[in-house]
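Hello,

Below is the structure I said I would pass on, and after it my notes on what turned up. Please read them with the coordinates open.

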Amino acid sequence: MKKTLLYICAGLLTFSTAFGQGLDRSVRPESGPAPEIQIGQPATFTLANGLKVFVVENDKLPRVSFSLTIPRDPVLEKDKAGLSSMVSQLMNRGTTTRTKEQLDEEKDFIGASVSASSSGGYGSSLKKHQDKMLELMTDLLYNPAFPEEELDKIKKQALSGIALQKNDPNAIASNIVRRLVYGDHPYGELDSEETLNNITVEDIKNYYKTYFKPSNAYLVIVGDITKKEAEQVAKKHFSKWPKGTIPTFEYEKPKAPAKTMVALHDRPSSVQSVINVSYPIELSLNSPDYIKTRVLSYILGGGSSSRMFMNLREDKGYTYGAYASIGSDRLVAAVNASASVRTEVTDSAVYEIMYELRRIVDEKVTQEELDAAKAYLSGSFGRSLESPSTIAGFALNVERYNLPKDFYANYLKSLDAVTIEDVQQVAKKYIRPDNAYIVIVGNTGEFKDKVARFGEVKMYDIYGNEEVPSDSKIDASVTAESVINKYIDAIGGRAKLEAIKSVEMITSAEIQGMTIETTTLKEQPGKLALSVKVGGNTVQNVVLNGDKAKISSGGQSQMLEGAQVAPFKSGALIFPELDYLKEGYKLVLEDIKSVEGKDAYRVKVSVPGGVSMVEYYDVESGLKLQTESAQGNAIYRDYKAVEGVLFSFFQLATNPQIPMPLETKVTSLKVNTQIDAATFKVD
């Protein structure tokens, strides 16, 4: 038997060797023709009220999902920007028959996912809970209560988010890009404190009455359900929804600039620059160029092997990642190239981005690049087919965007047919480096003059509005030192400040329903004790005494050394400005900026050890209004006198490590009290 097996193996080896003798393994085999994908078609029917239903039966799991889409033209919300977002959130905060708590409890009991929004709704559950899930879903859709108290909560959360974005360079860059690229189009609208505060419950009710109608809506049902059952279920839960006409709108198409311009936002505390190169284009899903531009987009900046990535990261080492994309939208889309780079290489990074945009227009891509792009895109398409909801999504796209019926069936064939010449043709059509907005957020003092070679330079605020230079000009007699001295005089004068040797302060803040209480004890020189309580429980203690510091949390303590101690030594100063005029500090009076509607001197402070921050002092009163640093921002308000010295009793602080801004109020402040020496014991 063993000999027989050996003969068989030898025969197979001989056969395989002979079979392979005619192959040249150094040459890649030619790929066969792309297959036509056999994509099943969903069952469809339309209710009397105009709601069109798509049904994809999949009985592999005993689950079912219902997804409602109400298409409408984008709406200019103007002085109520953020309205549709408020509608979406408030629709989930209770109905006329159930409170939010009751809804949450009933959803959790059956393990369902149910939600509503300004443009539709969604429900998913086990098959056996289908009726209950639909009862909850349609209750949200048809009977929203829009409770006033919930709107107040949503506004507060939204306003906190806006406050946090003010310290987020990526959010600032996004705001400026949207305003420049889309202008007065709805896509260019931004929420602000003012617009959100303008929104009332009545506005939300009017929005709901105007746009929440089934006439042109789509309901996609996926899961363990037949068409016959789906018809019964849809009629039961959705046929009573009264039909109506939704308003339509037309807007002027945003246009790319006649020539490339540079839009800057100054964040002196930034150590990186956020760069976006962007402009609007017309490119929709039903364009004959769509699939060609997917290939172009991938080669230009679609991943870690793209030209942008390989140039700016792998070759130059400017960034952790550089990307580019070509969008598509039925109204207006955009091309965007972006990277976050070290401040000192900002202008060089912009040059390389512009170089790659020009190169892909002027030079044909290689066959290797084309093949890699096709392989990635075809693989992504194939993976998407694993989800049953993909079939329904394809059918919905065909319906909504007037695509050819065989668009997705022939997707791989269309992708395979893209040539090098096709890629260059769409590059020449859609890549416009000479008609772009170059948006940069960072420490502009380090590169403003250098980037002027790319186009006219303009300054913008965090909302994408062009900054108008302040009417106030810095008098020749004003210096950074005089600004600091004016602040010292404004809060009480040097003699009174130097007479304060200790401070005991208790502050309170709230985050996500939890109260944070901080007790801060300072004693000059160089002593600090900080205790943080959350919900009445101590979560952290910090003690500093001279050059020694210790941090304690969760029952464990750690001694801090070197650079770790520096931030706490700065925090131990009762009045840091008294030290700003000492040797080792560097002060630069940069300009006058508006802070919360007040003209303020902007002073850059370089602290010994390389740390820097930017302080803003009211031109009129001399009081400090704001601090910017790499650790976050703080806005100071509500100055009150304690023993003849003014202290800020309110701070709005943002920190990259905290998911929302903290409104901190001083609840107790005492000066020159006797503090037990053991409080500052480090060992």
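Subject of these notes: helix packing and a few local features

The crossing of α10 and α12 is right-handed. Bear in mind throughout that this is a predicted model.

Confidence comes before the rest. The average pLDDT of the protein is 89, and 93% of the residues score at least 70. Residues 1-23 are the stretch to set aside: pLDDT stays under 50 there, and the model has zero contacts beyond four places in sequence for them.

Back to the helices. Two packed helices are described by the angle between their axes and the distance between the axes. For helix α10 (residues 290-301) and α12, the angle is about 135° and the axes are 11 Å apart. The two are therefore oblique to each other. On the α10 side the contact is made by Leu296, Ile299 and Leu300, and on the α12 side by Glu356, Leu357 and Ile360. By class, that gives five nonpolar residues, no polar ones and one charged one.

Helix α12 (residues 346-362) also packs with helix α11 (residues 307-315): their axes come within 10 Å and cross at roughly 150°. That angle makes α11 roughly antiparallel to α12, since the cut-off for that label is over 145 degrees. The crossing of α11 past α12 is right-handed. From α11, the contact takes in Arg307, Met308, Asn311 and Leu312. From α12, the residues are Ala349, Glu352, Ile353, Tyr355, Glu356, Leu357, Arg359 and Ile360. Seven residues of this contact are nonpolar, one is polar and four are charged. Glu356, Leu357 and Ile360 of α12 are listed in the contact with α11 and also in the contact with α10.

How are α10 and helix α16 (residues 420-430) packed, and at what angle? The angle is about 90°, with the axes 9 Å apart. These two helices are therefore roughly perpendicular to each other. Lys292, Thr293, Val295 and Leu296 of α10 make the contact with Asp422, Val423, Gln425, Val426, Ala427 and Tyr430 of α16. The residues of this contact divide into six nonpolar, two polar and two charged.

Most residues other than glycine have a negative phi, and most peptide bonds are trans. Asn402 is not a glycine, yet has a positive phi of about 55°; Asn402 sits in the loop between α14 (388-400) and α15 (411-416). Gln524 and Pro525 are joined by a cis peptide bond, with omega at about 0°. Pro525 lies in the loop between β14 (514-523) and β15 (527-534).

Lastly, a note on one side chain. Arg383 belongs to helix α13 (residues 367-384). The side chain of Arg383 makes a polar contact of 3.2 Å with the side chain of Ser380. Arg383 and Lys209 are 174 residues apart along the chain, and their C-alpha atoms are separated by 40 Å.

Regards

Note on methods:
Residues numbered from 1 in each chain as written. Predicted model: local features only at pLDDT ≥ 70, side-chain atom pairs only at ≥ 80, totals over all residues. Heavy atoms only, no water. Axes fitted to C-alpha atoms, helices over the stretch in contact; angles between N-to-C directions. Helix = DSSP H or I, 4+ residues; strand = E, 2+ residues; numbered from the N terminus. Parallel < 35°, antiparallel > 145°, perpendicular 65-115°, else oblique. Left-handed = near helix turned anticlockwise from the far one by under 90°. Contact = heavy atoms within 4.5 Å. Nonpolar A, V, L, I, M, F, W, Y, C, P; charged D, E, K, R; others polar. Polar contact = N/O pair within 3.5 Å; in protein donor to acceptor, adjacent residues only side chain to side chain. pLDDT = per-residue confidence, 0-100.
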